[in-house]
Amino acid sequence: MAQFDWQPVWLTLQLAGTTTLLLLLVGTPFAWWLARTRSFWKQPVGAVVALPLVLPPTVLGFYLLLLLGPKGVVGEMTQALGLGLLPFTFWGLVVASVLYSMPFVVQPLQNAFEALGDRPIEVAATLRASPLDRFFTVAVPLARPGFLTATVLGFAHTVGEFGVVLMIGGNIPGETKVLSVAIYDYVESLEYDQAHILAAGMVGFSFLVLLTLHFTNRRLEVRQ
Amino acid sequence: MTGIEVSFKAQVGGFALTTAFVAPSRGVTALFGHSGSGKTTLLRCVAGLQQAEGRLVVNGEVWQEGRWSMPVHRRPLGYVFQEASLFPHLSVRRNLEYGWRRLPAAERRVAFDEAVALLGVERLLSRAPSGLSGGERQRVAIARALLTSPRLLLMDEPLSALDERSKAEILPYLERLHDELAIPIFYVSHSLAEVARLADHIVWLEKGLLKAEGPALDLLTRVDLTLRAGEAEAVLEGVVARHEEADHLTVVETAWGEIWLQRIAHAPGHRVRVRLPARDVSLALEAERQSSILNAWPAVIESITATEPGRVLVQLRPAADPQGIPLIARITERSVRQLGLMPGRAVFARIKSVGLMN
């Protein structure tokens with residue numbers, strides 16, 4: 001058996017880590033807004049966030065390719081800014097993954113924030129805490145199980161994506177060739193042994209993720 | 001200007017609240033009314049938790065004027081919710097410190113240990129809120145509110161979620177707040193017993209409108225506001241003067257004069273409230289020296305109101321002070337006719353029984 005190529009694994013972890021971090025940064029205020037607003041826009045915006053749940057990944061990838069490509073609005077902008085084009089680069093994958101995994105981070109957070117109700121926030125307000133202060137000292141700690149679920153689901157979902165990656169990333173080793181694409185490659189070239197190592201690894205990883213999530217959430221619930 | 005000037009017009013769902021009054025800058029103002037009368041909405045308006053149009057000035061400081069409203073976290077208030085609402089992720093100590101730490105040191109007028117001792121929560125500090133009893137939680141919540149050194153303390157039925165034992169446990173602490181702190185308190189309640197025990201001033205709401213407001217002892221005896229004629233009573237405030245140990249009696253000095261009651265535990269000098277049920281007050285035209293009744297005071301009839309078949313409620317003022325705290329007597333129409341009672345007539349009020357308020 002030839003030397004096993006670990007590069008897709010590291011690349012995948014990098015992509016999933018970066019994506020999850022960005023999603024937590026962007027998704028948290030977004031989820032907070034969705035949970036608290038009484039605006040008319042709540043439902044339409046919520047539906048757009050949830051779109052990747054029902055859309056075929058190739059559809060999302062196709063439109064992203066057009067949008068980020070040389071004739072797309074975003075593509076023209078990134079070129080004008082001297083950033084070049086995003087498709088078929090690592091950062092292109094990050095952008096696509098953020099959009100694709102968005103509902104898996106935003107929805108658990110939104111649910112957790114909604115479950116808090118108004119009371120703890122009102123109490124904090126009467127105890128002199130400013131809006132930002134009450135968010136970080138009351139809402140975030142009380143929504144901890146939601147953050148855990150969001151992180152794990154966002155990460156795991158990014159690790160597993162295939163369709164979007166193929167459309168917008170292609171198959172460039174070290175740049176866009178992630179785990180799921182590598183498995184596909186091995187199977188195509190009938191290298192089943194190599195495919196097995198990655199595929200079985202994914203099964204084990206996914207099982208561990210769900211188990212950890214389950215136990216940690218139970219522990220958090222018992223503590224509160 | 002001193003006093004708390006409150007004037008609000010609020011719309012919550014299908015419910016409308018319109019009210020305006022000036023509450024005294026000291027003591028307990030009870031916001032009293034049945035459920036659905038708007039008392040909690042009014043309290044939330046005062047806190048700024050509920051949007052409303054109006055004006056709110058607390059001892060000269062403007063909290064709201066027209067559409068401008070000071071944000072909740074900038075108002076120097078303390079709020080005690082119906083359920084204690086402690087932060088479950090913080091220990092009792094961290095709960096208490098939450099508001100206290102957010103106050104600049106120079107503005108802390110209530111010392112940490114002082115509030116902790118006042119509410120008797122010293123031994124709970126390291127515990128988690130989930131391990132406390134209902135009464136303990138509410139005491140922590142009150143101490144937490146006090147530690148923000150509020151210039152107005154708002155309490156939304158702090159006892160209603162508690163069982164009788166926990167209520168009895170907390171009431172003495174509330175009385176201590178009233179006696180030992182100079183902080184004005186807005187106290188929402190639907191319990192006349194609680195109001196009679198704690199309030200100095202009453203704001204009475206009905207269906208979102210102000211029904212009556214005024215000094216508590218006065219309002220409690222207003223015949224037209226009496227909820228049930230059979231249970232009408234007057235409440236007097238007084239100071240324990242002395243104990244007559246041989247007779248097992250205590251003498252309390254009130255605005256009406258000395259009042260004798262069963263020996264109570266409070267030491268001389270202690271301020272107490274006593275209740276005089278209207279059905280235990282009778283009227284006589286002359287002071288009878290030979291009687292088993294210990295308490296009899298000269299009075300003037302202010303009004304006579306028929307309330308139920310054959311019975312009337314007679315409102316009395318002290319003969320020496322026409323503006324004094326009134327008493328109510330519940331007597332038969334027959335006695336009114338036989339004694340020739342009418343407003344302005346001088347009589348003697350004879351009190352058969354007096355109860356301490358608690």
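Is B:Glu175 buried, partly exposed or exposed, and what is its relative accessibility? At 23% relative accessibility, B:Glu175 is partly exposed (buried is under 20% relative accessible area, exposed over 50%, and partly exposed in between, with a 1.4 Å probe and protein chains only).

The model is predicted, so local features need pLDDT of at least 70 and side-chain atom pairs count only at pLDDT 80 or more, whereas totals for chains, interfaces and linings use all residues. Residues are numbered from 1 along each chain as its sequence is written, chains are lettered from A and ligands numbered from 1 in the order in which they are written, and side-chain values use heavy atoms, leaving out hydrogens and water.

**Figure 1. Salt bridge between B:Arg197 and B:Glu175.** The N to O distance of this pair is 2.8 Å (a salt bridge is a side-chain nitrogen of Lys or Arg within 4 Å of a carboxyl oxygen of Asp or Glu). B:Arg197 belongs to helix α6 (residues 192-198) and B:Glu175 to helix α5 (residues 164-180), 22 residues apart in chain B (helices are DSSP runs of H or I with at least four residues, strands runs of E with at least two, numbered from the N terminus). B:Arg197 is buried, at a relative accessible area of 15%.

**Figure 2. Salt bridge between B:Glu302 and B:Arg317.** Here N and O are 3.0 Å apart. The pair links strand β17 (residues 295-308), which holds B:Glu302, with strand β18 (residues 311-318), which holds B:Arg317. B:Glu302 is partly exposed at 37% relative accessibility, while B:Arg317 is buried at 14%. Elsewhere, B:Asp200, B:Glu237, B:Arg271 and B:Arg273 are joined into one network by salt bridges that share partners.

**Figure 3. Salt bridge between A:Asp133 and B:Arg102.** The closest N and O atoms lie 2.6 Å apart. A:Asp133 is in helix α7 (residues 131-142) of chain A and B:Arg102 in the loop between α2 (92-101) and α3 (112-118) of chain B, so the pair joins two chains. B:Arg102 is partly exposed, with 24% relative accessibility.

**Figure 4. Interface of chain B and chain A.** Contact (heavy atoms within 4.5 Å) involves 21 residues of chain B and 18 residues of chain A. The two chains have 3 salt bridges between them; B:Arg44 and A:Glu122 form a salt bridge at 2.7 Å, N to O. On the side of chain B that touches chain A, β7 (77-80) and α2 each supply at least two residues.
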